[in-house]
Amino acid sequence: MTGPKKEAVCVTGANGFIGTWVVRTLLEKGYTTVHATIFPGTDASHLFTLPGVTDSNLKIYEADILNPEAISRAIDGCQGVFHLASPNTLDDPKDPEKELLIPAVQGTLNVLEAAKKYNVRRVVLTSSISAIVPNPNWPKGKVFDETSWTDLDFCQANKIWYSMSKTLAEKAAWEFAEKSGLDLVSIHPATSLGPFPQPYLNASGAVLQRLLKGSKDTQEHYWLGAVHVQDVAKAQVLLFESPAASGRHLCTNGIYQFAEFAEKVSKLFPEFPIHRFNGETQPGLKACPDAAKRLIDLGLVFTPVEVAVREAVESLKAQGYLGQQNLKS
Ligand SMILES: NC(=O)c1ccc[n+]([C@@H]2O[C@H](COP(=O)([O-])OP(=O)(O)OC[C@H]3O[C@@H](n4cnc5c(N)ncnc54)[C@H](OP(=O)(O)O)[C@@H]3O)[C@@H](O)[C@H]2O)c1
């Protein structure tokens, strides 16, 4: 803790996996006023068990991000906004427009409009590696970086709706920022892992859970690498607190194949029936150990992926997401 931080900040999607870690990091860093938005009617009780929480430093706002008035109430009085709320599941949507695209894009615009209205100093937008890949036109043999954008036509043709939702939302955000002069920075986390504090399994937790249960899904279009969720949260606060930060920031502890990740998990947890992938799961993906150079240059030190995996698996076990029946006999 570095002494009280008087700027009031708002975190949207605050009771989600990464949102909870952002709230935790802000409280640990001494932020005295954190406005936490949650989808109306959802459980936020775990936020009140976070270290550093008091009667006065955390206030819950029930707000569907598609409701501009509710979002506006939560952002009123804040100097910073961390926008994380966005739909994110592994299951194919029945109605992609309604379930994913509209909440991601219009929700983001509602948050940015409120931020502009209340003269917020900076908005940190949680985009994703899914707004960077898939990009089939990226030069072969070149390491992916923040200049890559997900190919929307490729997504449309291949029904990759989540990546489409994150890409459209981010494009709309940059356009809004440019027109309005709002200070925006974006962060692009890879598959985020670590202890799961929320009372349900989010998409990245489900990727690991399915891998441990023997899934053969290669994550072909959804993978660049993995990152400890605590590093994602720290990076968010770092981006808010670093005046010189601008633009897009890849947040992954290295770029490498999902096959390599599966191998790593299998070595750590040989008792699980993890599939061994033959060859490349992300054809042509160029590996790079320090791909998140922009965050590293700002001072972020990444936690080893093995730690993130170990803590995530222990958390999945403790919450009953990995039954005995899933172990190798
Ligand atoms: N986890 C990763 O590996 C990863 C990687 C890159 C980027 N991201 C991004 O990080 C953010 C957080 O993801 P997460 O992994 O923490 O997922 P999560 O646990 O599912 O959190 C997402 C949160 O957004 C809320 N939300 C969704 N639609 C909403 C709406 N219409 N109004 C209000 N709230 C709404 C969800 O509320 P409900 O509880 O009602 O669903 C949930 O609390 C997302 O923007 C995601 O795209 C995640």
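Is Phe272 buried, exposed or partly exposed, going by the other C-beta atoms within 10 Å? Phe272 is partly exposed, with 17 such atoms around it. Welcome to a predicted model, in which local features need pLDDT of at least 70 and side-chain atom pairs count only at pLDDT 80 or more, while totals for chains, interfaces and linings use all residues. Residue numbers start from 1 along each chain as its sequence is written.

**View 1. Phe272 in its loop.** Phe272 sits in the loop between helix H8 (258–268) and helix H9 (293–298). Helices (H or I, at least four residues) and strands (E, at least two) are DSSP runs, numbered from the N terminus. A residue is buried if 20 or more other C-beta atoms lie within 10 Å of its own, exposed if 12 or fewer, and partly exposed in between, with C-beta atoms placed from the backbone. From Phe272 to Arg294 it is 22 residues in sequence and 36 Å in space, C-alpha to C-alpha.

**View 2. Helix H1 crossing helix H7.** Here the axes of H1 (residues 17–28) and H7 (residues 229–241) come within 8 Å and cross at roughly 60°. Axes are lines fitted to C-alpha atoms, for helices over the stretch in contact, and angles run from 0 to 180 degrees between N-to-C directions. The two helices are therefore oblique to each other; angles under 35 degrees count as roughly parallel, over 145 as roughly antiparallel, 65 to 115 as roughly perpendicular and the rest as oblique. Among the residues that meet are Phe17, Trp21 and Leu26 in H1, and Val229, Ala233 and Val237 in H7. Residues are in contact if their C-beta atoms, placed from the backbone, lie within 7 Å.

**View 3. Helix H3 alongside helix H5.** The axes of H3 (residues 96–117) and H5 (residues 161–180) come within 9 Å and cross at roughly 20°. That makes H3 roughly parallel to H5. Look for Leu100, Ala104 and Leu112 among the H3 residues at this contact, and for Met164, Leu168 and Phe176 among those of H5.

**View 4. Helix H6 against helix H10.** With axes 11 Å apart, H6 (residues 203–212) and H10 (residues 305–318) pack at an angle of about 80°. These helices are therefore roughly perpendicular to each other. From H6, Gly205, Leu208, Gln209 and Leu212 meet Ala312, Val313 and Leu316 of H10.

**View 5. Phe144 and Pro134 in one loop.** Phe144 lies in the loop between strand E5 (122–126) and helix H4 (152–158), and Pro134 is also placed between E5 and H4. Phe144 counts as buried, with 21 C-beta neighbours inside 10 Å. Its contacts include Ile132, Val133, Trp138 and Leu224, leaving aside residues up to four places away in sequence. The peptide bond from Val133 to Pro134 is cis, with omega near 5°.

**View 6. Asn119 and Gln219, two residues with positive phi.** Asn119 is not a glycine, yet has a positive phi of about 55°. Gln219, not a glycine either, has a positive phi of about 55°. Asn119, in the loop between H3 and E5, is exposed, with 9 other C-beta atoms within 10 Å. Gln219, in the loop between H6 and strand E8 (226–228), is buried, with 20 other C-beta atoms within 10 Å.

How values were computed: Two residues are in contact if their C-beta atoms, placed from the backbone, lie within 7 Å.
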